[in-house]
Amino acid sequence: VEPPALALLVETARKNRPEIVQLDKELLAADANLAAARAERRPVLSATASAGWSADIARDSNSQGDWLAGITLSWPLFDGGRSAADARIARANLAFTTAQRDALLISLTSELDLSRAQIVANRANVQASTEAVTAARAQLQLADARYAQGLGSQIELADAQTAVTTAEGNLVQAEFQVATAWAQLHRATAQ
């Protein structure tokens, strides 16, 4: 099976990798902090209201109710540069978090591309090893037939048997490398 396209793998990893999800949420928080820092210089309108009732213990008939309401508008004219500094800090935190996420995505894309390339290369190695096994078995049959007819030596037959064993071992190793590359790809996409 061919590995999926790199763009699809990166998109899958962005959704599944917890560290990327965490950095995306940190970006949202940093953006909200920037918006809050920019809002520090805006006017603030607040309203208060309260109601109460008190009874005179000596005279039960003189109960009193009272209420209070108020509106306050405040606008900070000078804060000593605090709001500008808060905005700069928030922009710096946003830039830092963005850089962290982008560096992680570059690293992840490189890891995914490497895993894809290893799968393709190892699959080609499996095909070559399969053909080598087929050729070694054919050589073994020829050496066996030559030996049976008295035209070949035991050394030639032993060499052919060794070539088959070596080719089969190489095939197993190539299949293992393909499986390892697939496992690395699945780990990188967090599937």
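**Helix packing and side-chain links**

Trainee: Within what distance do the axes of α3 and α4 come, and at roughly what angle do they cross?

Mentor: Happy to start there. Helices here are DSSP runs of H or I of at least four residues, strands are E runs of at least two, and both are numbered from the N terminus. Axes are lines fitted to C-alpha atoms, for helices over the stretch in contact, and angles run from 0 to 180 degrees between N-to-C directions. For α3 and α4, the axes come within 7 Å and the crossing is roughly 165°.

Trainee: How is α3 oriented relative to α4?

Mentor: The angle decides: under 35 degrees is roughly parallel, over 145 roughly antiparallel, 65 to 115 roughly perpendicular, and the rest oblique. With the axes crossing at roughly 165°, α3 is therefore, relative to α4, roughly antiparallel.

Trainee: Before we go on, what kind of model is this, and which pLDDT cut-offs apply?

Mentor: Residues are numbered from 1 along each chain as its sequence is written, and side-chain values use heavy atoms, with hydrogens and water left out. This is a predicted model, in which totals for chains, interfaces and linings use all residues, side-chain atom pairs count only at pLDDT 80 or more, and local features need pLDDT of at least 70.

Trainee: Is the crossing of α3 and α4 left-handed or right-handed, and how do the contact residues divide?

Mentor: A crossing is left-handed if the near helix is turned anticlockwise from the far one by less than a right angle, and right-handed if clockwise. α3 passes α4 in a left-handed crossing. Ala, Val, Leu, Ile, Met, Phe, Trp, Tyr, Cys and Pro count as nonpolar, Asp, Glu, Lys and Arg as charged, and the others, Gly among them, as polar. On that basis, the residues of the α3 contact with α4 come to 22 nonpolar, 13 polar and 10 charged.

Trainee: And what is the handedness of the crossing of α2 and α3?

Mentor: The axes of α2 and α3 come within 9 Å and cross at roughly 160°, so the two helices are roughly antiparallel to each other. Their contact residues are 12 nonpolar, 6 polar and 7 charged. The crossing of α2 and α3 is left-handed.

Trainee: What about α1 and α3: which orientation do they have?

Mentor: Here the axes come within 10 Å and cross at roughly 130°. α1 passes α3 in a right-handed crossing. With that angle of roughly 130°, α1 is, relative to α3, oblique.

Trainee: Turning to charges, how many salt bridges are there?

Mentor: A salt bridge is a side-chain nitrogen of Lys or Arg within 4 Å of a carboxyl oxygen of Asp or Glu. By this rule, the number of salt bridges is 9.

Trainee: Which residue forms a salt bridge with R137?

Mentor: The closest N and O atoms of this pair are 2.5 Å apart, and the bridge links distant parts of the chain, from helix α3 to helix α4 (residues 154–189), across 31 residues. Buried means under 20% relative accessible area, exposed over 50%, and partly exposed in between (1.4 Å probe, protein chains only). R137 is partly exposed at 44%, and its partner, partly exposed at 30%, is E168.

Trainee: Where does R17 lie, and which residue's backbone oxygen lies 2.7 Å from a polar atom of its side chain?

Mentor: R17 is in the loop between α1 and α2, and at 14% relative accessible area it is buried. The backbone oxygen 2.7 Å from a polar atom of the R17 side chain belongs to A188.

Trainee: Last one: with which residue does the side chain of Q154 make a polar contact?

Mentor: Q154 is in helix α4 and is exposed, at 58% relative accessibility. A polar contact is a pair of N or O atoms within 3.5 Å; within protein, one must be able to donate a hydrogen and the other to accept it, and residues adjacent in sequence count only if both atoms are side-chain atoms. At 3.2 Å, the Q154 side chain makes such a contact with the side chain of Y147.
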